[in-house]
Structure formats: structure tokens, C-alpha cells
Amino acid sequence: RYVSPAMRDYLNQLHTESEIYWMEAQKILIAPEKLAEWAGFWMNFADKYPGFLLHLEARQRGVSFLRYLVYGNTLSPVFDQQKKLFPAYKQAYEKLKTSYAGSAFGEKFAQYVQALADNEDYYDNSIEQAARSLFQ
């Protein structure tokens, strides 16, 4: 049977993710770079295929991974106690920015990365505002 390129991409990504145990007891078990890869895939996929049958689910997956990538959580923080971005996240952000340069998502993410760079990778209210813009 025929499977559209969008459905093939969708199913391949779900399969890839299902093979990796990525979170346990609210602790992220995968590297930030992998998290960035998944967030970027889903955000870009949703932008690329707005008429796709499972578009909303794809967007929700992207937003979920992106939230973990940008905010982390209690057991997997993105910023240290001095509110400085951990180097592994900085590296993941740069790779994500480069990988999706020119896409709608990539442009928004590049603005977030630039805001961090302008603030020497420290978190404050300006970074919170830049992060929120990723989800609008």
C-alpha cells in the first residue's frame, strides 16, 4: 500500500523514539543533542505538513520536547544554580539552530539562541520572554 512521504517520516520518527527509553521518574535520560534533534524534527514537521492528518499530535510532540529542551525540569535542569546555561545544552542549541536554519521554526529558535548569547548564556526575564516566543 501507498504511504505518503509525510506519513513515512512521521512513523519513522515515532519508531526511532520508541526504541529509546528517554525519561524515567521525571529525569531526562538522553543527551540534550538528542532532545534537540527530536524537538526540531517535530516542530519542523508540523510546519512542513500543516494539512497532515496527525498534525496536531505532531505539533504537541514538538512542543513537549521543546519545553524539556528549553526549560528542563527539576531533575534535569538546563541552567546551573547561577542560572548559566549548561554547555551541553548550548551545544545542542547551536546544532539545532544550524540544522533548521531557513525554516520557520529554525528562525524562531535562532532568535532564542541569540537572546541567550546576548545575555552571556544567563537566564533572566529577557530569556524567559524569548523562550515564551518559541511557543506562540
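This is a predicted model: local features need pLDDT of at least 70, side-chain atom pairs count only at pLDDT 80 or more; totals for chains, interfaces and linings use all residues.
**Exercise 1. Describe the packing of helix 3 (residues 55-71) against helix 5 (residues 104-118).**

Step 1. Two packed helices are described by the angle between their axes and the distance between the axes.

Step 2. Read off both values. The axes of helix 3 and helix 5 come within 13 Å and cross at roughly 15 degrees.

Step 3. Classify the angle. Under 35 degrees counts as roughly parallel. Helix 3 and helix 5 are therefore roughly parallel to each other.

Step 4. Assign the hand. The crossing of helix 3 past helix 5 is right-handed.

Step 5. List the contact residues. From helix 3 come Leu66, Leu69 and Val70; they meet Phe105, Phe109 and Tyr112 of helix 5.

Step 6. Sort them by class. The contact of helix 3 with helix 5 has six nonpolar residues, no polar and no charged.

**Exercise 2. Describe the packing of helix 1 (residues 5-18) against helix 3.**

Step 1. The axes of helix 1 and helix 3 are 12 Å apart, at an angle of about 40 degrees.

Step 2. Roughly parallel requires an angle under 35 degrees, and roughly perpendicular starts at 65. Helix 1 and helix 3 are therefore oblique to each other.

Step 3. Helix 1 makes a left-handed crossing with helix 3.

Step 4. Helix 1 contributes Tyr10, Leu14 and Glu17, which meet Glu57, Ala58, Arg61 and Phe65 of helix 3.

Step 5. By class, the contact of helix 1 with helix 3 divides into four nonpolar, no polar and three charged residues.

**Exercise 3. Describe the packing of helix 3 against helix 6.**

Step 1. Helix 3 and helix 6 have axes 11 Å apart, packed at an angle of about 170 degrees.

Step 2. Over 145 degrees counts as roughly antiparallel. Helix 3 and helix 6 are therefore roughly antiparallel to each other.

Step 3. Helix 3 and helix 6 cross in the right-handed sense.

Step 4. Leu66, Val70 and Tyr71 of helix 3 make the contact with Glu128, Ala131, Arg132 and Leu134 of helix 6.

Step 5. Five of the residues in the contact of helix 3 with helix 6 are nonpolar, none polar and two charged.

**Exercise 4. Is Glu128 buried or exposed, and which residues is Glu128 in contact with?**

Step 1. Glu128 lies in helix 6.

Step 2. Its relative accessible area is 15%. Buried means under 20%, so Glu128 is buried.

Step 3. Leave aside neighbours within four places in sequence. Glu128 is then in contact with Tyr71 and Tyr123.

Step 4. The side chains of Glu128 and Tyr71 are joined by a polar contact of 3.3 Å.

**Exercise 5. Which backbone atoms lie 2.8 Å from a polar atom of the side chain of Asn73?**

Step 1. Asn73 is in the loop between helix 3 and helix 4 (87-99).

Step 2. With a relative accessible area of 18%, Asn73 is buried.

Step 3. One backbone atom is the oxygen of Gln26, 2.8 Å from a polar side-chain atom of Asn73.

Step 4. Another is the backbone nitrogen of Ser76, also 2.8 Å from a polar side-chain atom of Asn73.

Step 5. Leaving aside neighbours within four places in sequence, the contacts of Asn73 are Met23, Gln26 and Tyr68.

**Exercise 6. How many residues apart in sequence are Met7 and Trp42, and how far apart in space?**

Step 1. Met7 lies in helix 1. Met7 is partly exposed, at 22% relative accessible area.

Step 2. In sequence, Met7 and Trp42 are 35 residues apart.

Step 3. In space, Met7 and Trp42 are 13 Å apart, C-alpha to C-alpha.

Definitions and conventions: Residues are numbered from 1 along each chain as its sequence is written. Side-chain values use heavy atoms; hydrogens and water are left out. Axes are lines fitted to C-alpha atoms, for helices over the stretch in contact, and angles run from 0 to 180 degrees between N-to-C directions. Helices (H or I, at least four residues) and strands (E, at least two) are DSSP runs, numbered from the N terminus. Angles under 35 degrees count as roughly parallel, over 145 as roughly antiparallel, 65 to 115 as roughly perpendicular and the rest as oblique. A crossing is left-handed if the near helix is turned anticlockwise from the far one by less than a right angle, and right-handed if clockwise. Contact means heavy atoms within 4.5 Å. Ala, Val, Leu, Ile, Met, Phe, Trp, Tyr, Cys and Pro count as nonpolar, Asp, Glu, Lys and Arg as charged, and the others, Gly among them, as polar. Buried means under 20% relative accessible area, exposed over 50%, partly exposed in between (1.4 Å probe, protein chains only). A polar contact is a pair of N or O atoms within 3.5 Å; within protein, one must be able to donate a hydrogen and the other to accept it, and residues adjacent in sequence count only if both atoms are side-chain atoms.
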